Amino acid sequence: MAFKPALVIVDVQEDFCPPNGSLAVPGGRDIVPTINKLLSLPFAVKIATKDFHPQDHISFASNHPPPNNVPFESMITIKNPENPDETEETRLWPDHCVQGTKGSELLPELDISQVQHIVEKGHDKRVEMYSAFADPFTKPNISRSNLAKLLSDAHISDVYVVGLAADYCVKFTALDAQKEGFKTWVVGEATKPVDDSSIPGVYDEYEKVGVKVIGQDEVFRKVNEHA
Ligand code: VGL
Ligand code: ZN
């Protein structure tokens with residue numbers, strides 16, 4: 001199969017960044033210059049995703065009763081709305097990326113003039129959806145974006161993932177990209193985690209399924225070479 005690379009920029013939104021984000025990832029803004037350099041490369045398609053929740057979303061601690069409603073700490077069990085036997089343990093967060101708010105906007109310094117598609121996710125208040133492809137339920141799946149179709153319609157072979165957060169939405173988007181059959185690369189310098197200590201575990205999961213972590217210089221070389 002011919003090398004046809006796509007760039008997927010995950011959730012580079014105000015709420016995930018200092019100084020004002022409600023769920024600010026340390027150094028979240030600092031990856032934008034690197035992402036803008038990647039955006040100048042001849043990827044076959046460049047896509048930005050947005051976490052895009054209703055105010056009553058299940059992942060917001062504010063929508064749950066005390067005492068198990070501490071943002072960043074409390075864990076809850078979510079049942080598949082169509083199958084109570086399938087469950088997911090998931091973390092609660094501060095309200096973030098609420099549709100129509102400033103916090104849900106992409107960072108203005110991101111060069112979105114280079115982006116062809118924006119994929120929004122997390123609309124369904126009943127489920128958490130870190131992956132930009134789909135929610136984690138499988139029996140049945142509840143919510144799916146158009147990302148897989150955008151990539152397959154463009155005959156993409158390789159997906160390069162960057163953005164926020166390295167240990168949540170970047171991780172699950174990369175794992176799903178590989179599962180969907182794309183050779184998947186995470187550009188390490190173009191992501192930041194909520195929690196630094198989670199990264200070795202994330203990289204172990206990548207290793208197990210064949211997702212590769214790559215440096216930006218190698219991406220510049222590969223994508224330019226094949227243009
Ligand atoms: C994310 C926590 C909650 C992310 C989204 O984009 O990584 N993290 N919602
Ligand atoms: Zn979210």
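Let's start at one residue of this predicted model: Arg 221, which is partly exposed at 45% relative accessibility. Arg 221 has a partner in Glu 225, with their closest N and O atoms 3.7 Å apart in a salt bridge. Glu 225 itself is exposed, with a relative accessible area of 54%.

The protein holds 5 helices and 8 strands, and along the sequence they follow the pattern β-α-β-β-β-β-α-β-α-β-α-β-α. Its radius of gyration is 17 Å, close to the 17 Å that the globule rule gives for 227 residues, so the protein is as compact as a globular protein of that length. Of these 227 residues, 54% count as buried.

Now back to the charged pairs. Side chains of opposite charge can pair when their charged atoms come close. The count for this protein comes to 12 salt bridges. One of them joins Lys 121 and Asp 11, at 2.9 Å from N to O. Lys 121 belongs to strand β5 and Asp 11 to the loop between β1 and α1, so this pair ties together parts 110 residues apart in sequence. Lys 121 is buried at 1% relative accessibility, and Asp 11 is buried too, at 0%. Through shared partners, salt bridges link Asp 11, Asp 51 and Lys 121 into one network.

Another salt bridge connects Arg 144 with Glu 180, at 3.1 Å from N to O. Here Arg 144 is partly exposed at 47%, and Glu 180 is partly exposed at 34%.

Technical notes. Residues numbered from 1 in each chain as written. Chains lettered and ligands numbered in written order. Predicted model: local features only at pLDDT ≥ 70, side-chain atom pairs only at ≥ 80, totals over all residues. Heavy atoms only, no water. Helix = DSSP H or I, 4+ residues; strand = E, 2+ residues; numbered from the N terminus. Rg over C-alpha atoms; globule rule 2.2 N^0.38 Å. Buried < 20%, exposed > 50% of the residue type's maximum accessible area, 1.4 Å probe, protein only. Salt bridge = Lys/Arg side-chain N within 4 Å of Asp/Glu carboxyl O.
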